[in-house]
Structures are given as structure tokens and as C-alpha cells.
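Let's go through this structure together, one question at a time. Have a look at the sequence and the model first.

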Amino acid sequence: MDNDSKAADDSNLMAETRSNPAAFVRLYRSHYEAVFRYCAHRLFERQAAEDVTSDVFLKVVENIHRFRGNEQQFRCWLYRIATNAVNNYLRKTARRNRLLKVACEQANSRGADCRGSADKLVLLREAVFSLKPRYQTIITLRFFEKLKLTEIAEVLASSPGTVRSQLARALAKLRKILATEFTEKSEVIENEQ
Amino acid sequence: MNNDERQFEDFVSNIKFDDTPDSDHRNKLEQDLLRVLTKQPRHKQQPLKIWRIIMKSNMTKLATAAVIIVAVVLTVTILDRTVTPAWAIEDTVKALDQFNGIYLSGVFGVPIEKISRGEDLVLRDGENMSVEFWMQANEERTRSENYRIEAGDGTVWSVCNNMTYKYDPKNNTVRVQSGRGIEMSIWPCGDYLSKVQEFMQDWQVMYGKDAVTGRDCAFITLSNPSQGQSWWLEIDLETNLPVRAKGWHNTRREGTPSMNFQRIIFFEKLPDDIFEFEIPEGATVIEE
């Protein structure tokens, strides 16, 4: 299928979605997992991720009649709604503290065999939560959702150049916080060379 | 991918985290959504409103420069009822009324400081600067509530929660003042378009494909002789939204454009944190 036909099919599907519940369900099923994973990677907690995922799709249902674009643009629109929903969730300090507490409890309850990974997860959560929300979004979209810089730029209503420099700043902050992890890895890389 | 990115990717790849979706949640949510979807009333279009143009400060001229581009596009869209049937005017108006956020990025042909001091826009060779704009409407959609400009030299203006921040990278200072130091004092939709219509002339429409995406587009040229300006605009025929625009400070579209926006994107709502201003490390804060 050439690009023009694919774009036309996408647009037809999106148009159908606005009036046909069955088409909406197809769209929902094909994007549910991505939205849930994104929320899980931003919040590091399943229950919170499920709650926010529900909010995201309710928002989608309420606003789908306004959406114009193809499925790729719909994907970016979804991530944008999810980003706002996650940021709103995290803005509540109590929730954020609870997430950190849950993270520590989960780490402590793991067996010795996976203690290393669990400890790293706690480190990662603390490090990522210390970033401003925009940087958290960029880190998650880049390293967990594997989006390209151009796609992240579209989600964040920004330019790829701006995203690139913000990604560099976010990584520099993470490097400071996760200094030991980065140093250990640097040594391995140097030894390999 | 640079070294920091590689190291961080390696670090996260070694972390085990259960991110598998739960099918019970997915199915339950699907049922909930279907219930909402079938009960949902049809969306009503918002009534058109009239807004006055108020130039609040010299800096507003910069904001207005951006909004004029958008407004010009919208006006032409409404005026032209003779073009391809694929271009549904009513859909365009309806679609545009749904958007409360606008992003523009491009190049200005004059130093941004000169515009903020209220000087006329005059094209001078070699004085181009990249600029990005983010604008979010207030609830009534009468003006911008939050506003952000980032210039290529690192200068940043940000209006958020009724506070204005201006970062000067040369002196590493942040000037802070209460109120909206920059605002789009009109929001480009509804009857405002009829005001723009008064000063636009000589418009022509051609059809073709976007040079980058290959999508079908309408290319519009027009001028405003009373202010010695001319414009080139591109509208995506699928979304009926403006996607690119150029402006000249002559009526013949001669020479390098004094404004060249290669990305114009409309949003229902821009992410809030775009407008939040973070004081750069070591910057001197000056309260005004």
C-alpha cells in the first residue's frame, strides 16, 4: 500500500471512529496497551497507571468529535492527553510521595535474586521524579516508548531541536543523580574499548 | 545516540518492571467507554463572539505578528467559497473553533529585541532569528492566557499564572513582573476574522502538494497594500488548517520573507508545563 492510500485509509478510520462505536473500540484496543505502558513508565505503579489510563480514554471519548487527523496524529494526541493526565496526577504531592513509598516497599519485598534490579528501579524512580514534568515526559517517551525526537516534538508541541536540547539537559541531571550507575557503566565501556 | 543516552538506555534496560496491561482492566474500561460513547450528546458548536483589539504593550506587536498570520489564513479560508469541493468552509470554521492552543515556529527577519521595543518590522539581511511561539487561550477564548516565546539567541518570554518572565541570556538575568507582559489580545477565530478581511487584498489560490509531507494543500497569496505587506500561506486540505506561512514587508513578496513559519499547529490544549518558567542556574532575578 502506498503512502497516499495508507493516509487515506487512516483518515477514513478516524472519521468512522467519530460516529461508529465499533470503530472506536478497534482504535481503543490498538492503543490501550501503549497508553497503559506510558502511564506505568511515568508513574511506576500499576494501580495509578490504570486510573490515569481510564482518565485518558474518557477524555478521548469526550473529545473524539473534535479530533481531525490520521492515526499517527491520533497517537501523538493520545500521548499528549496522557502527558497532561499524568502531570496532573503527579502534581498532587501526596500521590507522588505515595508512589515513592510504594516503590520502596516493593523493592524491600523482592527476593535477593532480583534485589539488584529492584534497587535500580527505586533509584530510577527517585531520579526521574526529581526532574521537572516536561523532562520526565521526554525521558519516558524516548527511552521507554522509543519515540523519535520528531514524534516527541509533536507530542509536546515543540521542535525537534528544542526536544534534543531538553533531552540533553534531562540526561545531564540524571547523570548527576545516578552518578554511580553512569560511572560504573562508563568504566565497562572504557574497558571494552 | 550520544554517550549519556547510551548509558541511560543500558541502565533502564537492566531494570525489571511489570508493565504488562491487565486484560480485566482493559475490558472493563472498554465497556465503560462504550456506555459513555453511546450516551454522549452531540457536540454543539460554540457561538461566535466579537472581540476588540487592544494593544497592551509594545511587546504585543510581536504577539500580534504571530496571530495575524493565523488570522489571515482563517480569513482567506472563509472568503474563498469557489475552490475545490474537498475544502468545506463550514468544517474549517467548525474545526478552528475547537482549538485553544497554537504553536508556531519559524524565522523572523529582524532581531526580536527590535520588535519588542516597538520598532517597525524592517527586513535587514543577515539578521534572521529562529523563534517559537506557544499560545493558550483563556476560558472565554477572548485572548491568550499563557504565552511563551523562545528566540534563537536564548531569549525567553514566558507568561504563566498571570506572571511574566523574561530571560536575557547575554546578562543571565530574569526580569519578573506581575500580569501578562505579552498577550495575544484577541484570539483568532469567530468574528475577529471579519476585521482582518477589511485590509486584505489581491488574494489568489493555487493547489498542490506540501513540499515536505506530500499532502494536498492550498497555497494562497495575498497582500495588504495599506501596510505594505504580502503573505504566502499553505492550508492542509485534509484538516483545513494552516500549516505554513510567510510574510514580507513589501506587497510583491520580494526577497527573503521577514517572517517564515514552517510549522503551525493547533491544539485543543497545550501541555501546562510548556509555560512554566524555570529560573536558569546562576541567573540574577530582577523583580519589576
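Two residues are in contact if their C-beta atoms, placed from the backbone, lie within 7 Å. This is a predicted model, in which local features need pLDDT of at least 70 and side-chain atom pairs count only at pLDDT 80 or more, while totals for chains, interfaces and linings use all residues. Residues are numbered from 1 along each chain as its sequence is written, and chains are lettered from A and ligands numbered from 1 in the order in which they are written.

Q: Which residues is Val86(A) in contact with, leaving aside its neighbours within four places in sequence?
A: Val86(A) has its place in helix 4 (residues 71-91) of chain A; helices (H or I, at least four residues) and strands (E, at least two) are DSSP runs, numbered from the N terminus. Once neighbours within four places in sequence are set aside, its contacts are Cys39(A), Arg42(A), Leu43(A) and Val52(A).

Q: Is Val86(A) buried or exposed?
A: A residue is buried if 20 or more other C-beta atoms lie within 10 Å of its own, exposed if 12 or fewer, and partly exposed in between, with C-beta atoms placed from the backbone. Val86(A) has 25 other C-beta atoms within 10 Å, so it counts as buried.

Q: How many residues of helix 7 of chain A are buried?
A: Helix 7 spans residues 133-143 of chain A and is mostly covered. Among its buried residues are Tyr135(A), Thr137(A) and Leu141(A). Thr137(A) also lies 9.2 Å from Val86(A), C-alpha to C-alpha, though 51 residues separate them in sequence. The buried count for helix 7 of chain A is 10 of its 11 residues.

Q: Why do the buried residues of helix 9 of chain A line one face of the helix?
A: The buried residues of helix 9 (residues 160-177) of chain A are Val163(A), Leu167(A), Ala170(A), Leu171(A) and Leu174(A). Seen down the axis of helix 9 of chain A, they line one face because they fall within an arc, taken from the directions from the helix axis to the C-beta atoms, of 100°.

Q: Which residues are exposed on the other side of helix 9 of chain A?
A: Helix 9 of chain A has 18 residues. On its other side, the exposed residues are Ser165(A), Ala168(A), Ala172(A) and Lys176(A).

Q: Which element gives the most to the side of chain B that touches chain A?
A: The contact takes 47 residues from chain A and 44 residues from chain B. Elements giving two or more residues to the chain B side include helix 1 (3-13) and strand 11 (259-267) of chain B. The most, nine residues, comes from helix 2 of chain B.

How values were computed
The expected span of a helix is 1.5 Å times one less than its number of residues.
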